[in-house]
Amino acid sequence: MSEHDGIDDKDDSAETLFERIIAREVPADIVYETDTTIAFRDISPQAATHVLVVPKTRYRDVAELAAADPRLLADVVTTAARVAELEGLGGGYRVVFNTGADAGQTVFHVHVHLLGGEQLGSFGR
Ligand code: 5GP
């Protein structure tokens with residue numbers, strides 16, 4: 001972003017919070033990392049275990065990631081499964097990709113929420 005661009009929510013070139021976490025510019029409780037993905041605890045957990053898994057290459061959402069790099073999408077899901085194992089979620093877990101504003105996506109760098117560690121409620125509205 002050049003100094004003339006000003007603030008624009010639709011400016012996809014602006015660095016996201018997750019890129020700053022990947023670069024270790026913002027601290028996070030990192031639980032697992034691979035060459036292509038990073039997993040860290042959500043700052044506002046919605047379940048006993050709530051970990052975010054993020055590809056190190058940025059795509060806006062899961063649809064963009066799937067279209068551009070299906071192997072990287074598989075890496076994200078595989079990392080989530082590995083973290084579930086490490087976190088002892090043998091009884092089951094949920095993975096959620098919030099996609100777009102109506103779903104509550106706030107960080108436009110694709111990420112999966114890994115939720116578990118207790119009996120989860122229903123979801124939807
Ligand atoms: P989204 O709403 O985009 O699906 O998910 C973004 C998630 O990032 C939210 O669950 C929110 O709690 C989490 N989050 C926001 N800021 C931070 C932060 O600074 N550190 C961590 N670890 N998580 C954050």
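Ala39 touches Ile30, Val31, Tyr32, Glu33, Val51, Leu52, Val53, Thr79 and Val83, leaving out residues up to four places away in sequence. The model is predicted. Ala39 is also among the residues that touch the most other members of the largest nonpolar core.

**Core**

- The largest nonpolar core holds 21 residues. Ala39, Val51, Val53, Ala80, Val83 and Leu114 touch the most other members.
- At least two core residues come from each of α1 (17–22), β2 (37–41), β3 (49–55), α3 (70–86) and β5.
- Helix α3 gives the largest share, 5 residues.
- In soluble globular proteins, nonpolar side chains tend to be buried together.

**Phe40**

- Phe40 sits in strand β2.
- Is Phe40 buried or exposed? Phe40 counts as buried, because it has 21 C-beta neighbours inside 10 Å and the cut-off for burial is 20 or more.
- Phe40 contacts Ile21, Ala28, Asp29, Ile30, Val31, Val51 and Leu52, with neighbours within four places in sequence set aside.
- Phe40 and Ile30 are 10 residues apart along the chain, and 4.1 Å separates their C-alpha atoms.

**Ligand shell**

- Which residues surround the ligand? They are Leu17, Ala28, Phe40, Arg41, Asp42, Ile43, Ser44, Asn98, Gly104, Gln105, Thr106 and Val107.
- By class, the shell has 5 nonpolar, 5 polar and 2 charged residues.
- Phe40 and Ala28 both belong to this shell, and the two are in contact with each other.

**Ala103**

- Ala103 is in the loop between β4 (93–96) and β5 (112–116).
- Ala103 is exposed, because 11 other C-beta atoms lie within 10 Å and the cut-off for exposure is 12 or fewer.

**Whole chain**

- The chain has 3 helices and 5 strands. From the N terminus, their order is α-β-β-β-α-α-β-β.
- The radius of gyration is 15 Å. This agrees with a compact globule of 125 residues, which would have a value near 14 Å.
- Along the principal axes, the C-alpha atoms fill a box of roughly 50 × 35 × 30 Å.
- Of the 125 residues, 22% count as buried.
- Among contacts with a separation of 6 or more, 54% join residues 24 or more positions apart.

Methods. Residues are numbered from 1 along each chain as its sequence is written. This is a predicted model: local features need pLDDT of at least 70, side-chain atom pairs count only at pLDDT 80 or more; totals for chains, interfaces and linings use all residues. Helices (H or I, at least four residues) and strands (E, at least two) are DSSP runs, numbered from the N terminus. A residue is near a molecule or strand if its C-beta atom, placed from the backbone, lies within 6 Å of it. Ala, Val, Leu, Ile, Met, Phe, Trp, Tyr, Cys and Pro count as nonpolar, Asp, Glu, Lys and Arg as charged, and the others, Gly among them, as polar. The radius of gyration is taken over C-alpha atoms; the globule rule is 2.2 Å times the number of residues to the power 0.38. Two residues are in contact if their C-beta atoms, placed from the backbone, lie within 7 Å. A nonpolar core is a set of buried Ala, Val, Leu, Ile, Met, Phe, Trp, Tyr and Cys residues joined through C-beta atoms within 7 Å.
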